[in-house]
Amino acid sequence: MTAAPPRRSWWAIRWRQLRNAPRPVVRAVGANLGVAIVLGILYLAYDVALTRGARLPGGDLRTLAVVLDVLLVLGLGSLITYLVVPLPRGSGGRTTRTGWSAALGLFAAVPIAYLVLVATSQVLKPLLT
């Protein structure tokens, strides 16, 4: 009879899961994070310019900018995830993609879009103004 393996702590389990994350999840998060950071920086530049008193055409459209930012992160993140996360191939050599890849990107994009906007508006903006 073999001895049972030692029990791991909650932190040890989560650390192991983080180090050994599945490649499709890493790719989905990376794609969405890249898109969100670029769009977040653009939004931050727009927000700081308006805060400093710049006269931009159209007036203050920050609400529209946030909505467009989130929609673009959702759309572009899903599209890029669809392109970089194929289904497992098995024994064949053909790469296939389905809507599940895009859905994975969409589910990863929702919290990432929110977190990047919060980080830019609540952390970075006070440092720049």
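**Close-up views of a predicted model**

View 1. Leu61 counts as partly exposed because its relative accessibility is 36%, a value from a predicted model. Leu61 sits in the loop that runs between helix 2 (23-51) and helix 3 (62-84). Together with Leu64, Leu68, Leu72, Leu76, Leu79, Ile80, Tyr82, Leu83 and Val84, Leu61 forms a nonpolar patch on the surface. The accessible area of these residues together is about 800 Å².

**View 2. The salt bridge between Arg62 and Asp47.** The side chains of Arg62 and Asp47 form a salt bridge with an N to O distance of 2.6 Å. Arg62 belongs to helix 3 and Asp47 to helix 2, so this pair ties together parts that lie 15 residues apart in sequence. Arg62 has a relative accessibility of 24% and therefore counts as partly exposed. Asp47, in contrast, counts as buried because its relative accessibility is 4%.

**View 3. The salt bridge between Asp47 and Lys125.** Asp47 also meets Lys125 through their side chains, in a salt bridge of 3.3 Å, N to O. This pair links distant parts of the chain, with Asp47 in helix 2 and Lys125 in helix 4 (residues 99-128), 78 residues apart. Both Asp47 and Lys125 are buried.

**View 4. The salt-bridge network of Asp47, Asp60, Arg62 and Lys125****.** The side chain of Arg62 forms a salt bridge with that of Asp60 (3.0 Å, N to O). The count of salt bridges comes to three.

Notes. Residues are numbered from 1 along each chain as its sequence is written. This is a predicted model: local features need pLDDT of at least 70, side-chain atom pairs count only at pLDDT 80 or more; totals for chains, interfaces and linings use all residues. Side-chain values use heavy atoms; hydrogens and water are left out. Patches are made of residues with over 30% relative accessible area and no salt bridge: like charges are joined within 9 Å, nonpolar side chains (Val, Leu, Ile, Met, Phe, Trp, Tyr) within 5 Å. Accessible areas come from the Shrake-Rupley method with a 1.4 Å probe; for residues, only the protein chains shown count as cover. A salt bridge is a side-chain nitrogen of Lys or Arg within 4 Å of a carboxyl oxygen of Asp or Glu. Helices (H or I, at least four residues) and strands (E, at least two) are DSSP runs, numbered from the N terminus. Buried means under 20% relative accessible area, exposed over 50%, partly exposed in between (1.4 Å probe, protein chains only).
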